[in-house]
Amino acid sequence: MRHIISLLMENEAGALSRVAGLFSARGYNIESLSVAPTEDPTLSRMTIVTSGSDAVIEQINKQLNKLVDVAALIDLSEGEHLERELMLVKVRADDAARDEIKRSADIFRGRVIDESDSTCTIELTDTCARLDEFLRAIRRDLILETVRTGASGIGRGDRVLKL
Amino acid sequence: MELTGAEIAIRCLQEEGVEYVFGYPGGAVLFIYDALFNQDKVKHILVRHEQAAVHAADGYARSTDRVGVALVTSGPGLTNAVTGIATAYMDSTPLVVISGQVPTGAIGEDAFQEVDAVGITRPCVKHNFLVKDVKDIAQTIKKAFYLAKSGRPGPVLVDIPKDVSNHRTAFEYPASVTIRSYHPAGKGDSGQIGLAARMLLEAERPMVYAGGGVILSEASGQLAELVRTLGFPCTSTLMGLGGLPAGDRHFVGMLGMHGTYEANMAMQHCDVLLAVGARFDDRVIGNVAHFAQVPRKIIHIDIDPSSIAKRVKVDVPIVGDVKLVLDELLGVLRGGGRAPDAAALSSWWKQVEEWQAVGGGLRYKNSSEIIKPQFVIEKLHEITGGEAFVTSDVGQHQMWTAQYYKFDKPRRWITSGGLGTMGFGLPAAMGVQLAHPGATVACVTGEGSIQMNIQELSTCKQFRLPIKIVALNNGYLGMVRQWQEFFHGNRYSETYMDALPDFVGLAEAYGHVGMRIEKPADVEPALKEAFARKRDLVFMDFRTDPSENVYPMVPGGRGLSEIILAEDL
């Protein structure tokens with residue numbers, strides 16, 4: 001099953017490689033990983049999307065917690081949470097296709113952030129699944145580039161990950 | 001007064017009460033060696049290979065409950081140390097390894113003797129640091145010692161670039177250190193402990209399975225009390241030997257691949273299993289699916305939550321320090337006024353004794369013609385009165401020592417269990433001997449393993465370490481040969497050790513005493529003579545039966561009850 005694990009870690013050189021190395025060394029799946037500093041510059045927040053049996057997910061959580069640099073961790077998928085991913089898609093947009101692309105972007109609440117005579121770049125922020133749907137909704141042969149950030153996640157309501 | 005980073009590093013070691021640093025100098029650690037030269041509190045043991053420095057620090061740590069310290073240079077110094085670090089990591093030994101690094105300005109430029117030390121060691125350390133500012137050295141070394149020793153112990157690497165070791169700053173050693181992202185477990189959950197106590201008292205076929213965590217946590221007294229209070233059978237992993245005295249009537253021997261029949265059968269068929277500081281690894285429970293075929297309740301005490309429910313499902317997990325948890329558990333059992341079901345326990349013991357009879361115990365057929373390796377270990381135990389510190393390398397000799405040297409005390413059996421590192425025994429024995437100057441230290445090894453760090457005979461000479469090397473020389477890489485005999489149609493691919501050196505001559509060349517023993521009748525007199533030579537390192541080259549195999553054996557990937565017993569003896 002798909003899980004979104006969110007963690008706070010020391011914003012130190014090598015911290016990211018400890019997490020990435022853990023996943024490769026122990027053979028865990030990693031669908032996406034996104035990381036950036038928080039409002040406290042000594043801490044980074046990381047969102048990892050992974051999948052596995054309950055036993056594997058339990059081990060992933062424990063192994064991540066065991067890393068000395070990891071200060072706090074939460075498995076967001078165990079409760080109410082929000083998930084967002086940013087995607088930039090550049091499509092070939094001749095006159096005929098351009099309108100169709102823009103209509104699709106509208107439906108998915110995307111916006112056009114750049115246009116040239118032959119291309120159109122759309123920005124979309126939504127769940128990973130919705131971004132997948134958008135990619136399926138437009139003609140594959142029109143896609144020139146897809147750039148995705150990987151998911152960021154946060155708990156709903158009072159569910160807070162903080163030191 | 002301002003000190004250089006190198007001086008600070010050495011002052012930190014002094015503050016930590018470090019007696020010995022095992023190391024090897026080189027370009028990137030020149031300033032640190034200079035700082036060592038100018039003091040005499042911390043003694044440096046010059047090894048002949050960096051792998052040995054780490055193993056020696058490891059042996060020192062395992063035999064004392066203190067942190068072992070090694071010091072190596074950048075590049076090859078560090079890469080040579082990696083096997084030692086990984087060995088310590090797998091067996092949870094507290095070590096601080098200080099490595100030199102190229103100057104900060106040269107990092108990333110493929111400088112001479114540059115490797116990414118932090119990157120290379122990352123998967124085999126508890127934590128590691130690259131110190132980029134001289135102001136951070138004291139704090140970092142303090143953290144390193146704290147991390148190495150607290151919680152589940154392990155090796156910590158501190159990589160210090162050469163320029164940082166020469167920069168100056170004021171020295172102040174922090175009295176204590178906290179790491180906001182690190183909270184090692186202490187006491188266990190009282191509710192869980194209460195639940196465990198009830199489950200143990202209600203058991204009909206109980207079993208205690210003790211591992212290296214008992215030794216690390218200094219909990220052998222608690223373990224013995226628990227086992228005796230409850231009257232339960234107890235087995236031990238390779239790493240846990242000595243945790244419960246081998247002579248205790250509740251001890252049913254080591255379990256696992258070369259464990260006793262009764263220990264493995266009881267492990268498989270118990271209804272309540274108490275796992276204490278052990279991790280259900282593949283050499284212990286064999287095939288996980290086979291192990292799970294028999295339903296049993298499992299209580300698992302471990303300081304590392306990731307060790308719990310990693311390979312087997314656990315009913316009552318208790319995260320905590322083994323000693324503290326056992327203390328609390330004993331308190332609950334004493335206070336409860338209940339005893340286990342005597343009738344059930346007595347019929348369970350009867351079953352265990354039946355298995356003992358079927359297995360026939362640990363046995364081998366002795367010979368008056370050719371030396372049997374088991375016989376040497378039995379005699380070793382007898383002649384040292386079971387009081388020696390015994391290190392080993394890896395292979396058949398390691399298993400025979402585990403089986404036949406009846407360890408009655410913790411920290412006497414020093415072996416590479418997790419990583420299985422050949423070449424561990426001799427350097428580890430150096431660390432043990434330095435930690436216990438008057439004690440008897442034996443290194444049981446084979447002709448294969450000993451050659452993996454034989455250069456340390458030179459270190460032993462320099463520092464007058466009277467280690468007794470018991471080499472069981474059968475001319476083969478015996479354990480591999482055994483697997484080839486059992487599972488690869490007797491095709492002994494590259495396991496015959498041709499062109500062996502004359503070990504007696506070799507020992508003498510290094511300035512030691514060498515003995516060659518070829519007849520069973522000479523085993524005892526030779527051991528007596530060797531151990532009487534209190535001041536000498538004696539290399540005993542026992543020519544043993546090359547066809548001897550280690551029994552019992554649970555073949556790799558099989559279940560505990562699918563055990564092969566010795567042929568009719």
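The contact takes in 17 residues of chain A and 15 residues of chain B; two residues touch if their C-beta atoms, placed from the backbone, lie within 7 Å. This is a predicted model, where local features need pLDDT of at least 70, side-chain atom pairs count only at pLDDT 80 or more, and totals for chains, interfaces and linings use all residues. Residues are numbered from 1 along each chain as its sequence is written, while chains are lettered from A and ligands numbered from 1 in the order in which they are written.

**Exercise 1.** Work out which elements of chain A supply at least two residues each of the side that touches chain B.

*Solution.* Start with the elements: helices (H or I, at least four residues) and strands (E, at least two) are DSSP runs, numbered from the N terminus. Next, look for the largest share: that's H2(A), with 6 residues.

**Exercise 2.** Find the strand order of the open sheet in chain B.

*Solution.* Two strands pair if DSSP finds at least two bridges between them. Follow the 6 strands and you get E3-E2-E4-E5-E7-E6, with parallel pairing. Now check the ends: strand E3 (43-46) and strand E6 (127-130) of chain B are the edge strands, each pairing on one side only.

**Exercise 3.** Zoom in on how strand E2 (residues 20-23) of chain B pairs with E3(B).

*Solution.* First, count the bridges: there are 4, in the parallel sense. Then pick one residue: Tyr20(B) has Lys43(B) in E3(B) as its bridge partner.
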